[in-house]
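Start with the structure itself.

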Amino acid sequence: RGSIKAGLIDQTRLAGIGNFGSDEILWRAGVHPNTPIRTLRDDEWARLHGALAGVVRATVRAGHTPRGPRWLTGARWAQPARCPTCSTVLERSVVAGRSSLWCPMCQPLPKT
């Protein structure tokens, strides 16, 4: 139940994925943070799995979530924050009780 963002940061289900990491994984997978888990398609699960593996690998190597120019976390503090892929101004809101950052072009909210 709930959103994919809530599922990713739920430490009882998947330990070690924090707020910045979850935003990065969702952005790389092209999945909106408010997407209900129950509605995810097989291709979205596959993209999430690949993004999670890549982000965790890079984070472990760096000792923190990287903040390079090709990372969402690298754009997080800019004013205005822009998507590293398409340069769209990033949107911010609270999802699952945490601040969230996403690209409205690369991560559209699915139609229900």
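Buried here means under 20% relative accessible area, exposed means over 50%, and partly exposed lies in between (1.4 Å probe, protein chains only). The model is predicted, so local features need pLDDT of at least 70 and side-chain atom pairs count only at pLDDT 80 or more, while totals for chains, interfaces and linings use all residues. Residues are numbered from 1 along each chain as its sequence is written, and side-chain values use heavy atoms, with hydrogens and water left out.

**Helix α2**

Helices are DSSP runs of H or I with at least four residues, strands are runs of E with at least two, and both are numbered from the N terminus. Helix α2 spans residues 19-29. Nine of its 11 residues are buried. These are N19, G21, S22, D23, E24, I25, L26, W27 and A29. What covers them? Contact means heavy atoms within 4.5 Å. The cover includes α1 (4-9), α3, α4 and β2 (98-102). After α2 comes G30, with a positive phi near 70 degrees.

**Salt bridges**

Side chains of opposite charge can pair when their charged atoms come close. A salt bridge is a side-chain nitrogen of Lys or Arg within 4 Å of a carboxyl oxygen of Asp or Glu. The model has seven salt bridges by this rule.

| Pair | N to O distance |
|---|---|
| D23 and R76 | 2.9 Å |
| E24 and R28 | 2.8 Å |
| R47 and D43 | 3.0 Å |

D23 and R76 link distant parts of the chain, 53 residues apart. D23 sits in α2, while R76 lies in the loop between α4 (72-75) and β1 (91-95). D23 is buried, at 1% relative accessibility. R76 is buried too, at 2%.

E24 and R28 both belong to α2. They are four residues apart, about one turn of the helix. An α-helix has 3.6 residues a turn, so residues three or four places apart point the same way. Is E24 buried or exposed? E24 is buried, with a relative accessible area of 0%. R28 is partly exposed, at 37%.

R47 and D43 lie in helix α3 (residues 42-62). About one helical turn separates them, because they are four residues apart. R47 is partly exposed at 34% relative accessibility, and D43 is partly exposed at 36%. This pair belongs to a network of salt bridges that links R41, D43, E44 and R47.
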